[in-house]
Amino acid sequence: MDDPAPNTTPILQVRNLQTSFKTDRGMVTAVDGVSFDLFSGETLGVVGESGCGKTVTNKSIIRLLPEHVTRYGDNSRIMFKDRNLLSLSESQMRGVRGNEIGMIFQEPMTALNPVFTIGWQIDEALKYHTKLNRAERRQKSIEMLRLVEMPNPEKRIDEYPHQLSGGMRQRVVIAIALSCNPEVLIADEPTTALDVTIQSQILRLMDKLKEETGTAIILITHDLGVVAQACDRVIVMYAGQIVEIAPVRALFHNPRHPYTRALLDSMPKPGVTEHQQRLPAIEGTVPSLFNLPHGCRFYDRCQRAKPDCQDRLPELVSLDTANDQPASDETVQHGVRCFYPLEAAKS
Amino acid sequence: MFAFTIRKIIYNIPIYLAVVLLMMALLRIRDPVAGQMGKNATAADFAAKRVELGLNEPLLSQYVSLLGSIFTFDFSREIWLEPGVSVGEKLAESVPVSLALTLPALCLTTVLSIVIAMVSAFNRGRWLDRTLVFFAVLGMSISFLVYIIFGQYLGAFKLQQLVGHPVFSIHGYESGIQNWAFYLLLPVLISVTVAMGYDTRFYRAVMVEETEADYITTARAKGASQMKIMFVHMLRNAMIPIITRIMITLPFLVTGSILLEQFFGIPGMGYTLLTAIQNGDFPVVEVFTAIFAGLFIVSLIATDILYALFDPRVRLQ
């Protein structure tokens with residue numbers, strides 16, 4: 001599982017993604033130099049605190065950010081099937097959204113349009129991207145509802161969102177996103193608003209669908225439990241940059257960045273009750289994007305920080321080979337952005 | 001749905017009965033015949049006049065007779081100002097004229113301001129939005145009278161001088177569809193201009209709220225175009241405030257526009273009502289007020305039914 005077919009060509013290549021917003025206080029760079037590859041059939045987790053750029057990174061991929069205030073870096077490229085998504089026109093992009101790249105959202109309670117039936121809402125995506133006629137589309141919609149394990153799909157298709165529970169609505173959102181067989185599915189905290197049992201059902205469902213359709217999934221979350229259950233590889237983001245990228249096993253057993261370590265430490269451990277152990281929180285907050293430090297962005301919260309960490313920004317380096325190659329342009333198994341990474345565990 | 005409608009109607013009947021009773025009582029605070037009597041009228045003259053007009057009867061029997069005429073659409077009471085003409089005839093004459101003015105104005109205002117509001121909401125904070133909001137506020141800040149006077153002066157009088165023949169009527173009215181544009185187009189345009197500022201700002205606020213909704217992002221992620229998002233997704237969700245705003249103005253369509261009708265000499269309901277009030281024409285005022293209250297309640301019921309039609313969450317089992 002740690003080895004997600006490194007020899008195949010990636011379906012999606014993000015290179016040096018830089019996303020900035022025009023604000024009243026000037027330009028602010030929310031995502032700064034993010035590069036990664038996504039392979040068919042894998043689930044790539046993106047974790048980090050709120051405001052780390054997880055959502056902006058992924059909304060950049062399908063260009064759902066408000067275009068008039070968003071600027072992408074000149075060297076930024078998002079290569080998907082030989083096209084740079086950042087240079088497509090809005091109408092070309094419409095052909096990609098919902099068709100080749102699907103997206104599901106955090107809030108199933110509000111993500112669906114309340115005044116249309118769920119059948120209408122699945123049908124809409126099919127109408128835009130397929131040549132099926134009305135009856136075929138309805139058939140396909142029922143099929144999609146069955147695929148996401150909606151009980152009684154023939155009846156449910158004519159119901160409105162308010163007649164469904166949160167978990168059921170999220171299934172509908174997934175059905176919409178998958179209706180046109182996308183190659184990439186971006187799931188932005190798909191389980192955050194759901195209770196734990198439903199969470200696990202939805203994650204299992206996504207995993208099953210991935211197996212069946214071969215869709216690559218980018219799973220944004222701040223829940224490391226979700227990462228452990230669902231992901232093959234993980235990107236840890238901090239203040240708009242990738243600080244560590246690793247296969248999921250390596251991340252949990254052998255984290256190299258102090259931030260990853262701190263995140264793992266702040267997770268509750270099974271078998272330890274609340275009274276026995278207080279969960280350590282990471283002191284301080286993510287630095288303001290308007291006032292980023294000159295050196296390492298994690299410096300003021302880092303327990304391993306040394307004085308020279310303030311002076312320059314560390315590069316993301318590969319740990320696969322001993323020599324510290326810059327990692328950003330290669331597909332690395334395990335990379336870290338730190339001058340003084342944690343020691344590798346003995347294998 | 002049928003049961004829902006019936007229930008709404010039944011709930012509103014007592015409300016209407018109470019409103020009519022209250023209205024009748026209020027209209028009798030000042031002696032209704034006072035306006036008809038000369039300076040030197042004696043108490044006996046007053047009493048005789050009241051008997052003549054049936055105002056000496058107990059309030060309850062007057063109440064029953066008014067309700068009877070409302071529910072049977074029988075408005076055969078005579079107008080005081082024009083002997084021989086019934087209230088019903090007067091209404092049948094004036095109301096269509098007012099509707100010919102107010103209905104096109106309402107439709108045009110609503111469609112235009114919704115479209116402008118959507119464009120504005122989608123460009124929120126950008127120069128286009130700011131320009132539109134500026135003009136909306138400017139439009140709201142100018143008095144109705146200024147629009148009428150300048151509209152009449154420039155649109156009718158100056159234009160006539162410019163092209164050499166009358167394009168729009170300055171004063172007067174003739175019925176008939178072929179005369180509509182000549183007599184009513186200018187008042188309609190003035191009325192639209194006045195209402196646009198208010199409506200655009202209201203609908204823009206509604207649309208701005210909708211543009212921030214999560215379902216918009218879902219629709220975009222599906223590949224929906226801007227047009228589909230605006231006119232299918234957003235419009236349908238914004239229907240509740242839109243319906244509310246339109247329905248509340250519906251009863252006022254029959255009252256016409258008192259100012260426009262006065263300035264352009266259009267014999268609509270606004271004109272008729274103003275004349276009736278000024279001259280103490282009691283039957284016209286009383287019957288019209290009762291009808292207006294009825295229309296108001298009917299439009300409230302219709303609003304509830306439309307809510308249920310457009311928003312599945314309002315529908316009751």
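Good morning. Of the 317 residues of chain B, 26% count as buried. Please keep in mind throughout that this is a predicted model.

I shall begin with chain B as a whole. Chain B contains 13 helices and zero strands. The C-alpha trace of chain B spans about 80 × 65 × 35 Å along its principal axes. As for its contacts, consider those between residues at least 6 apart in sequence: 71% of them join residues at least 24 apart.

Let me turn to one pair of helices in this chain. Two packed helices are described by the angle between their axes and the distance between the axes. Here the pair is helix H5 of chain B, residues 127-141, and helix H7 of chain B, residues 180-211. Their axes come within 8 Å and cross at roughly 130 degrees. H5(B) and H7(B) are therefore oblique to each other. The crossing in which H5(B) passes H7(B) is left-handed.

Which residues meet where H5(B) and H7(B) come into contact? From H5(B) come Ala136(B), Val137(B), Gly139(B) and Met140(B). From H7(B) come Thr193(B), Met196(B), Gly197(B), Tyr198(B), Thr200(B) and Arg201(B). The residues of this contact divide into five nonpolar, four polar and one charged.

I now move to chain A and to strand E10, residues 233-238. Is E10(A) mostly covered or mostly exposed? The strand is mostly covered, with six of its six residues buried. In a regular strand the side chains alternate between the two faces of the sheet. In E10(A), both faces are covered. Arg233(A), Ile235(A) and Met237(A) lie on one side, Val234(A), Val236(A) and Tyr238(A) lie on the other, and all are buried.

E10(A) also has pairing partners. With strand E3 of chain A, residues 43-47, E10(A) pairs in the parallel sense over four bridges. In E10(A), Ile235(A) has Val46(A) standing opposite. With strand E11 of chain A, residues 241-247, E10(A) pairs in the antiparallel sense over six bridges. There, Tyr238(A) stands opposite Gln241(A) in E11(A).

Finally, the connection between these last two strands. E10(A) and E11(A) form a hairpin, and two residues lie between them. In the turn, Ala239(A) has a positive phi of about 50 degrees. Thank you for your attention.

How values were computed. Residues are numbered from 1 along each chain as its sequence is written. Chains are lettered from A and ligands numbered from 1 in the order in which they are written. This is a predicted model: local features need pLDDT of at least 70, side-chain atom pairs count only at pLDDT 80 or more; totals for chains, interfaces and linings use all residues. Axes are lines fitted to C-alpha atoms, for helices over the stretch in contact, and angles run from 0 to 180 degrees between N-to-C directions. Angles under 35 degrees count as roughly parallel, over 145 as roughly antiparallel, 65 to 115 as roughly perpendicular and the rest as oblique. A crossing is left-handed if the near helix is turned anticlockwise from the far one by less than a right angle, and right-handed if clockwise. Two residues are in contact if their C-beta atoms, placed from the backbone, lie within 7 Å. Ala, Val, Leu, Ile, Met, Phe, Trp, Tyr, Cys and Pro count as nonpolar, Asp, Glu, Lys and Arg as charged, and the others, Gly among them, as polar. A residue is buried if 20 or more other C-beta atoms lie within 10 Å of its own, exposed if 12 or fewer, and partly exposed in between; C-beta atoms are placed from the backbone. Two strands pair if DSSP finds at least two bridges between them.
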